[in-house]
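The sequence and the structure come first.

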Amino acid sequence: MQETVVVIGGGQAGAQVAQSLRQGGFEGPIRLIGDEPHPPYQRPPLSKKFLAGEIGPEGLWLRPPAFYTTQNIDLIPDTRVVSIDRGAKRLKLENGDTLDYGRLVLATGTQARRIALPGHDLDGVVTLRGIADVDHIRSLFDRHQKLVIVGGGYIGLEVAAVARELGKDVSVVEAQDRVMKRVVSPIISEFYTDLHREKGVVLHLDTGIEAIEGRDAVEGVRLSNGETIPADLVLIAVGAVPNDHLAEEAGLDADDGILVDGAGQTSDESIYAAGDCTRFHSSRYGRSIRMESVQNAIDQAKAVAQSIMGQEVDYDPLPWFWSDQYHVKLQIAGLSEGYDDTVVAGDLKTAKFYVAYLRDGNLIAVDSINSPRSHMMARRVIGEPWRPDLLPDA
Ligand code: FAD
């Protein structure tokens, strides 16, 4: 009889661990516990088609609920794990029950970062991480017109695009001097700044927030330059923090993410972790990284399933990511941090181009705009010395 595998977190990574275990022939009991009331679902459409109302919740599901039954995966939704007793290999659930494990997988994801601003708890101040958040935002869209988005990262900008297409008045306030600064180069930031401004978004760069104003509900946002923007809905989109507290409280090593090795193993050999909640050493990049992407959730989960089944794995991925805003698809392959040169090919005016990032003459990353062919090829050739015919025309 194989040991019971319990997975905490019924998101992209947790569901993938369970599925890959079964696909790999694991026959022991699998329990997949999540604190949301839904079957495991994908989050990317939350700030895109789901927010726009183009798909319903079923369109987000990774697998139909019957899949878990047929695969003999015990799906336990709406249930929060509150502590891990590593000595007894036992979990405590919020409802008071306990659950024993042989091997445990933490796939607890992240939560939206909050900011302690005056007025942060007023009605109409929201964050976006799950289906419940989007349901709430959509109900506010029915009544409100003036949206202020705090944070010009990819989630903030995707929401800005959808809200503009729904006819809302949208302002984005970004503390940095350019949008998406953490992930893209100035050329791409400038392209998106122009795009959003053309679409009617009011973008405040290099600008902080002093307070969210209002009596019970939001009425405005006071900026660091003294200006107040009228608002009846404020989205705080300033990044995410890993859900690593459960691991930390159980004495596992964590540092802005649960620390795992290439096999996805934590500092306890019976406990693994996968997805947004992890931090791992990348030999490819020579440093520890924490990724928030579907690619990482899926591939690291597969690696964890393999190691639970006794196979040798050394997870060291080539990261990739995408963002959809209006008619524009951004696809990122590799991490561009540390580049010393760029090559731009294609046409910025028709929104079909790519930026190749080089370090010491080698290709380290490519940002593709409406150019899926260059993205797919980039994923194959990153690491090679740059030459002009390495990537197809944008
Ligand atoms: P999650 O999907 O967050 O799943 C973790 C689950 O664990 C959650 O359901 C959580 O509630 C649950 N949980 C946490 N603690 C407990 C507990 N104690 N007990 C029980 N359950 C618990 N990535 C891309 O690559 N491209 C995109 O375009 C993109 N767009 C995105 C848009 C939005 C709005 C968001 C929020 C994310 C987006 N991402 C995108 C990121 C991507 O969705 C994540 O990287 C991915 O969901 C990570 O999967 P995960 O399983 O690690 O975490």
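In this predicted model, Ser 83 has Lys 92 of β5 as its bridge partner. That contact belongs to the pairing of β4 with strand β5 (residues 90-93), in which the two strands run antiparallel and are joined by four bridges. The pairing is part of an open sheet of three strands, ordered β4-β5-β6 and paired in antiparallel fashion. Because β4 (81-85) and β6 (98-100) each have a single partner strand, they stand at the edges, and one side of each is left without a neighbour in the sheet. From one strand to the next, the twist averages 25 degrees.

A further group of pairings is built around strand β20 (residues 278-282), which has four of its five residues buried and is therefore largely enclosed by the rest of the structure. Strand β18 (residues 258-260) runs parallel to β20, whereas strand β21 (residues 287-289) runs antiparallel to β20.

| Strand pair | Direction | Bridges |
|---|---|---|
| β4 and β5 | antiparallel | four bridges |
| β18 and β20 | parallel | three bridges |
| β20 and β21 | antiparallel | three bridges |

Strands β20 and β21 also form a hairpin with four residues between the strands, and in this hairpin Gly 286 takes a positive phi near 65 degrees.

Note on methods
Residues numbered from 1 in each chain as written. Predicted model: local features only at pLDDT ≥ 70, side-chain atom pairs only at ≥ 80, totals over all residues. Heavy atoms only, no water. Pairing = 2+ DSSP bridges. Axes fitted to C-alpha atoms, helices over the stretch in contact; angles between N-to-C directions. Buried < 20%, exposed > 50% of the residue type's maximum accessible area, 1.4 Å probe, protein only.
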